[in-house]
Amino acid sequence: VRSISDIARDEWSSLIQEEDSPFLDYEFLAALEETMCASPSAGWYPFHMAIRAADVPTDQQKEQQKQQNTTDTLQSKGKLIGAIPMYVKTNSQGEFVFDHAWAEAAYYQLGIEYYPKLVAAIPFTPATGKRILTHPDAERAPLIRTAASVLKEIAVANNFSSVHILFCTDDEADLIEDTGYVRRLSVQNHFSNRNPNTGTPFDSFQDYTMTLKPNRRKALRRERKKIYEHEGIEVEVYQGEEVTDQVINSAYDLYSSTADKFYFQPQYLNKDFFLRLQNGPFQKYLAIVLAKRNKSTIAGTFNVQKGDTIYGRYWGCFEEVPYLHFEACYYRLIQHVIENQMARMEAGAG
């Protein structure tokens with residue numbers, strides 16, 4: 001389908017489990033499309049796959065059809081048992097796999113057009129999560145293998161150079177690899193809330209620092225003291241309903257400031273997207289870190305959390321303060337995870 005809106009919200013949501021990534025949420029994907037962030041003008045052509053069961057009407061349903069003089073039944077639109085968030089890409093922007101060298105080698109050395117290519121991914125979001133969604137009642141492994149094989153057929157039929165399934169889960173990668181795909185590995189920084197000495201969650205941030213090497217522990221304490229005591233900065237996390245209009249506007253301005261500073265850092269998201277998330281059901285997943293001095297925002301990060309995991313996404317600052325970047329992007333989020341008895345923080349990439 002050419003838009004997430006071609007799939008009913010309830011149908012899509014029936015495929016999402018409690019432990020699944022928040023970026024698979026219907027509202028997140030719809031916001032990307034409807035605010036024109038993930039759009040053809042940006043090189044993202046929505047091309048989602050909807051996998052439906054071939055339902056056959058019962059004799060009673062057939063009789064009802066006959067009496068009502070209609071053929072509009074399940075046989076024309078079976079139950080959604082699987083789906084893939086997918087896009088036809090005409091560039092490699094916003095994927096965070098950095099395959100530009102592949103594109104150049106394919107074209108200049110082999111004479112092969114690398115674009116368009118078919119990509120199963122969440123736009124602008126290098127966070128691990130399911131890429132082939134399946135209904136709880138469906139057999140997941142066979143459906144994954146079938147879907148992966150069908151994607152190759154779709155690529156051939158439409159003259160797409162290749163199929164890319166980005167940041168999928170390990171169980172998906174194993175099954176997809178069985179169908180002839182080549183696995184590619186990448187590295188990210190993740191924090192796991194588990195004390196290596198005890199095998200249990202950390203009791204406090206100080207408990208976490210005690211697992212660091214002495215020199216690093218001393219440096220970390222010195223860095224945080226400079227931020228909080230010498231600079232007089234307060235760093236707080238705003239969650240869910242605490243993400244007010246003022247907070248989300250600050251988050252967008254900070255995000256935009258980073259793109260303004262670095263010519264190589266495209267601004268993929270617009271203000272409408274931020275406001276759409278804050279004003280809708282997705283607000284419950286928002287976790288915005290703001291660093292303030294004398295109640296004025298000077299830096300912060302845009303993060304998303306669900307269940308036991310928080311995902312770091314975007315950093316920005318109006319004022320350069322030593323060590324504040326690491327505090328807002330890492331240490332304050334690690335503290336947040338420990339204090340809220342969460343399992344991990346994924347700092348991500350890009």
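1. A polar contact, as the term is used in this note, is a pair of N or O atoms within 3.5 Å, and within protein one of the two must be able to donate a hydrogen and the other to accept it. With that in mind, the side chain of Ser39 reaches the backbone oxygen of Met36 at 3.0 Å. The model discussed here is a predicted one. Ser39 lies in the loop between α2 and β1 (44-46), and Met36 has its place in the loop between α2 and β1 as well. Ser39 counts as buried at 1% relative accessibility, whereas Met36 is exposed, with a relative accessible area of 52%.

2. For orientation, the protein chain contains 11 helices and 13 strands, and its C-alpha atoms fill a box of roughly 80 × 55 × 40 Å, taken along the principal axes. Of the 350 residues in the protein chain, 51% are buried. Among the contacts between residues at least 6 apart in sequence, 71% join residues that are at least 24 apart.

3. Another open sheet is made of 3 strands in the order β2-β3-β6, and here the pairing is antiparallel. β2 (49-52) and β6 (133-134) stand at the edges with a single partner strand each, so one side of each has no neighbour in the sheet. The pairing of β2 with strand β3 (residues 80-84) runs over 4 bridges in the antiparallel sense, and Arg52 has Leu80 as its bridge partner in β3. Helix α5 (residues 140-157) lies across β2, β3 and β6, at about 130° to β2.

4. Which residues of helix α10 are buried? In this helix (residues 271-278) they are Phe273, Phe274, Leu277 and Gln278. They cover an arc of only 130° around the axis, which puts them on the same side of α10. The buried residues of α10 pack against α2 (26-34), α9 (245-261), β10 (286-293) and β11 (296-306). At the start of α10, a side-chain oxygen of Asn270 comes to within 3.3 Å of the backbone nitrogen of Asp272.

5. In soluble globular proteins, nonpolar side chains tend to be buried together. The largest nonpolar core of this model has 51 residues, of which Trp12, Phe124, Leu269, Phe273, Phe274 and Phe302 touch the most other members. At least two residues of this core come from each of α2, β3, α9, α10, β10, β11 and β12 (309-317). A second, separate core has 30 residues, including Leu324, Val337, Ile338 and Met345.

6. Phe124 deserves a paragraph of its own. This residue lies in the loop between β5 and β6, and at 2% relative accessibility it counts as buried. When residues up to four places away in sequence are not counted, Phe124 touches Leu32, Cys37, Ala38, Trp44, Gly94, Phe96, Tyr268, Leu269, Arg313 and Tyr314.

7. Most residues other than glycine have a negative phi, and most peptide bonds are trans. Against that background, Phe124 has a positive phi of about 65° although it is not a glycine, and Met36, not a glycine either, has a positive phi of about 65°. A cis peptide bond, with omega about 5°, joins Tyr115 and Pro116; Pro116 is found in the loop between α4 (100-108) and β5 (117-120).

8. Leaving aside neighbours within four places in sequence, Glu27 is in contact with Arg9, Arg276, Pro281 and Phe282, and a polar contact of 2.6 Å joins the side chains of Glu27 and Arg9. Glu27 and Lys306, which are 279 residues apart in sequence, are 14 Å apart in space, C-alpha to C-alpha.

Notes
Residues numbered from 1 in each chain as written. Predicted model: local features only at pLDDT ≥ 70, side-chain atom pairs only at ≥ 80, totals over all residues. Heavy atoms only, no water. Pairing = 2+ DSSP bridges. Contact = heavy atoms within 4.5 Å. Axes fitted to C-alpha atoms, helices over the stretch in contact; angles between N-to-C directions. Buried < 20%, exposed > 50% of the residue type's maximum accessible area, 1.4 Å probe, protein only. Arc of directions from axis to C-beta. Core = buried A, V, L, I, M, F, W, Y, C linked by side-chain atoms within 4.5 Å.
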